[in-house]
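Please report on the local features of this protein chain. Cover charge pairs, backbone geometry, the pocket and the surface.

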Amino acid sequence: MAGLTSYYGQTVDMRATPQRPDLVAKAIVPDYRPGAHTGSLGPTFNSGTLFAGKYRRSAFIGQHALWNRSPPSGYKVIFVPFAKCVPAGPPQHILTGFLNSDGDAMGRPLGVIMDAESGILVADDAGNKVWRVIPDNLAQHAANP
C-alpha cells in the first residue's frame, strides 16, 4: 500500500514506497494486541448488566482465525478486561470448542454483539449458527428451573 510506512507503532515497513518518516514518527503502539493470526473481529463492549463485576465495561472479541495457520490460533471468543478505558489484563476464553479433536474447524466466530438482555450473540460463519452466551449461573438456572 502506498504511503503505509510502519506497522505496530514505529516499526518501519521497508516494503512500503514511498517511505514517509514523518508518519512513522507519529505512529503509536496499539493499547492491546489480540494475538497474531487470530483474525480478531467484531469486538463489542459490555454496557449491559447480565455479565457483571469484572465483565462490566470490558470487551468481548470474536477470533475468527486463519484457516491455513499451523498450529491453529483463534477459533474462540475472548474477554479483555478494561480499567479506566484501557486494557487491564490478559484475555480470558469465553467461548471455545470450535475445533474438533482432529483440529478441524467446526465453526469460526465472526461478529460479537450484545442482545437486548445483554447476552452475547456470536455469529459463526463456518457453523452457520448464531450462538448466545450467558453467565454460568443463569444457564444452570434456565436448565433447572
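## Salt bridges

R132 and E117 form a salt bridge, with 3.7 Å between the closest N and O atoms. Shared partners join D115, E117 and R132 into one network of salt bridges. The model is predicted.

How exposed are the members of the network? R132 is partly exposed, because its relative accessible area is 41%. D115 has 16% relative accessibility, so it counts as buried. E117 is exposed, because its relative accessible area is 53%.

R15 forms a salt bridge with D13. The count for the model comes to four salt bridges. Three of them are listed here.

| Salt bridge | Closest N and O atoms |
|---|---|
| R132 with E117 | 3.7 Å |
| R15 with D13 | 2.9 Å |

D13 is buried, because its relative accessible area is 6%. In general, side chains of opposite charge can pair when their charged atoms come close.

## For R57, phi is about 55 degrees. R57 lies in the loop between β3 (40–45) and β4. With 59% relative accessibility, R57 passes the 50% cut-off and so counts as exposed. For N128, phi is near 55 degrees. N128 belongs to the loop between β10 (120–124) and β11 (129–133). N128 is exposed, because its relative accessible area is 72%.

Where is the cis peptide bond? It joins S70 and P71, with omega at about 0 degrees. P71 is in the loop between β4 (59–63) and β5 (76–80).

## Pocket

The largest pocket has a volume of about 180 Å³. Its lining consists of L50, F51, A52, Y55, I94, V133, I134, P135 and D136. By class, eight of these residues are nonpolar, none is polar and one is charged.

## Surface and span

Y7, Y8 and V29 make up a nonpolar patch on the surface. Together they have about 300 Å² of accessible area. Y8 is placed in the loop between β1 (6–7) and β2 (11–12). Y8 counts as partly exposed, because its relative accessibility is 37%.

K26 lies in helix α1 (residues 21–26). K26 is exposed, because its relative accessible area is 64%. How far apart are the C-alpha atoms of K26 and G111? They are separated by 31 Å, with the two residues 85 residues apart along the chain.

How values were computed: Residues numbered from 1 in each chain as written. Predicted model: local features only at pLDDT ≥ 70, side-chain atom pairs only at ≥ 80, totals over all residues. Heavy atoms only, no water. Patch = residues over 30% accessible without salt bridge, like charges linked within 9 Å, V, L, I, M, F, W, Y side chains within 5 Å. Areas by Shrake-Rupley, 256 points an atom, 1.4 Å probe, with all protein chains shown as cover. Salt bridge = Lys/Arg side-chain N within 4 Å of Asp/Glu carboxyl O. Helix = DSSP H or I, 4+ residues; strand = E, 2+ residues; numbered from the N terminus. Buried < 20%, exposed > 50% of the residue type's maximum accessible area, 1.4 Å probe, protein only. 1 Å grid on protein atoms, 1.4 Å probe; cavity = no way out; pocket = protein on both sides within 12 Å on 5 of 7 lines; lining within 4 Å. Points joined across faces, edges and corners; volume = space filled by probe spheres on them. Nonpolar A, V, L, I, M, F, W, Y, C, P; charged D, E, K, R; others polar.
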